[in-house]
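Hi there,

Here is the structure I promised to pass on.

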Amino acid sequence: MAPRFPLFVDLRGRKAVVVGGGPIALRRVKGLVECGAAVTVISPALARPVEGITHLPRPYRPGDLEGAFLAVAATDDRAVNRQVGEEARAAGIPVSVADCREECTFFFPALCTGSGLVAGVVGDGSDHHKTALAAQRIRKALEGLE
């Protein structure tokens, strides 16, 4: 697989739909909120409360991605994640599907910020520990620039 091109986009005020309310989904939500996205989370429950989002406390339904700039499927249900990915791709909405890299049109990076800089780290999906370690080291380097 060819490496992904690191594209940085302005999310301020743009609608991002995250389907799922567990720890992985909420990590994605945190990054999107920090980047200014207007985040809607669709999930019967949230692992913890999150400020600055719209929460629809129910399961995902077809049509929920209408008006979205990007989408994230991060539930613990393979069928739901696949459905979100299919709807997003059919509508031309970039989508990250947490449990299937082949269904992603973008990979959600580990965000590293500091000193007015932003870096994103993604791997090929084969070693999440290595990606997390690289992100940790980059965050430390950015802190050292302040």
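Phe5 is exposed, with a relative accessible area of 71% (exposed means over 50%, with a 1.4 Å probe and protein chains only). Please keep in mind that this is a predicted model, where local features need pLDDT of at least 70, side-chain atom pairs count only at pLDDT 80 or more, and totals for chains, interfaces and linings use all residues. Residues are numbered from 1 along each chain as its sequence is written, and side-chain values use heavy atoms, with hydrogens and water left out.

Phe5 sits in the segment before β1 (15-19) (strands are DSSP runs of E, at least two residues, and helices are runs of H or I, at least four, numbered from the N terminus).

Glu66 is exposed too, at a relative accessible area of 65%, and belongs to the loop between β3 (54-56) and β4 (70-73). From Glu66 to Ala91 the C-alpha distance is 8.6 Å, although they are 25 residues apart in sequence.

Now the pockets (open sets of points on a 1 Å grid over the protein atoms alone, with protein on both sides within 12 Å along at least five of seven lines; lining residues have an atom within 4 Å of a point). The largest pocket is lined by 33 residues, with Arg28, Phe108, Pro109, Ala110 and His128 nearest its centre. Its top contributor is α1, which gives six residues to the lining. The second largest pocket has 25 lining residues, and Leu7, Phe8, Val9, Phe106 and Pro109 are nearest its centre. There, β7 gives the most, with three residues.

Best wishes

Methods: Buried means under 20% relative accessible area, exposed over 50%, partly exposed in between (1.4 Å probe, protein chains only). On a 1 Å grid over the protein atoms alone, a cavity is a set of points where a 1.4 Å probe fits but cannot get out, and a pocket is an open set with protein on both sides within 12 Å along at least five of seven lines; lining residues have an atom within 4 Å of a point.
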